[in-house]
Amino acid sequence: MIKIDVTKGIKVGGFDYAVDMSDEAHKSLRADNNNGQCDCHNHLIQLDHDLDDVTLSKTFIHEVIEAVNQIYCNDKIEHEKIQQLSFGIHQVMESLGIRFGQSDTK
């Protein structure tokens, strides 16, 4: 499995999105019972660092689709469809041996 480190951020639609996997992000996400959050206005994706590798990758894909939806689709894709797309894209990435997350070396 190829693991792509997303902690350095990602570019979506010409915007640089930071990826926050800090303890603060963890606490905030847990308080809201979320695995991840995309703040499109501040170009920030928060991910819970306590997730297993598969769930972390799936959550990252979901949050990226949220950003794509805001930038390219004017928020017209319903959240249920984003969930379905993220599961499908995650499956494709897994079948290609690609997983998104943080580096194993810290």
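Predicted model: local features only at pLDDT ≥ 70, side-chain atom pairs only at ≥ 80, totals over all residues.
## Sheet layout

Four strands form an open sheet in the order S2-S3-S5-S4, and the pairing is mixed. S2 and S4 (36-39) are the edge strands, each of them pairing on one side only. On average, neighbouring strands of this sheet are turned by 25 degrees against each other, direction ignored.

Strands of a sheet pair through backbone hydrogen bonds, in either a parallel or an antiparallel way. The individual pairings are described next.

## Strand pairings

Strand S2 (residues 10-12) runs antiparallel to strand S3 (residues 15-20), and three bridges join them. Within this pairing, Lys11 stands opposite Asp16 in S3. The hairpin of S2 and S3 has two residues between the strands, and Gly13 takes a positive phi near 60 degrees there.

On the other pairing of S3, the partner is strand S5 (residues 44-47); these two strands are parallel and share three bridges. Ala18 has Leu44 in S5 as its bridge partner. S5 is also joined to S4 by four bridges, in this case antiparallel. Here Cys38 stands opposite Ile45 in S5.

## Helix H1 on the sheet

Helix H1 (residues 23-31) packs on the sheet and touches S3, S4 and S5. The direction of H1 makes about 75 degrees with that of S5.

## Thr59 in helix H2

Thr59 lies in helix H2, which spans residues 53-72. Its relative accessible area is 9%, under the 20% limit, so Thr59 counts as buried. The side chain of Thr59 reaches the backbone oxygen of Thr55 at 2.7 Å.

Leaving aside residues up to four places away in sequence, Thr59 touches Asn35, Gly36, Leu47 and Leu51.

## Aromatic pair

A search of the whole structure finds one aromatic pair. It is formed by Phe60 and Phe100, with 5.3 Å centre to centre and 40 degrees between the planes, and it is tilted. The two residues are 40 apart and link distant parts of the chain: Phe60 is in helix H2, while Phe100 is in strand S6 (residues 98-101). Both Phe60 and Phe100 are buried.

Definitions and conventions
Residues numbered from 1 in each chain as written. Heavy atoms only, no water. Pairing = 2+ DSSP bridges. Buried < 20%, exposed > 50% of the residue type's maximum accessible area, 1.4 Å probe, protein only. Polar contact = N/O pair within 3.5 Å; in protein donor to acceptor, adjacent residues only side chain to side chain. Contact = heavy atoms within 4.5 Å. Axes fitted to C-alpha atoms, helices over the stretch in contact; angles between N-to-C directions. Phe/Tyr/Trp six-rings, centres within 6.5 Å; stacked < 30°, edge-to-face > 60°.
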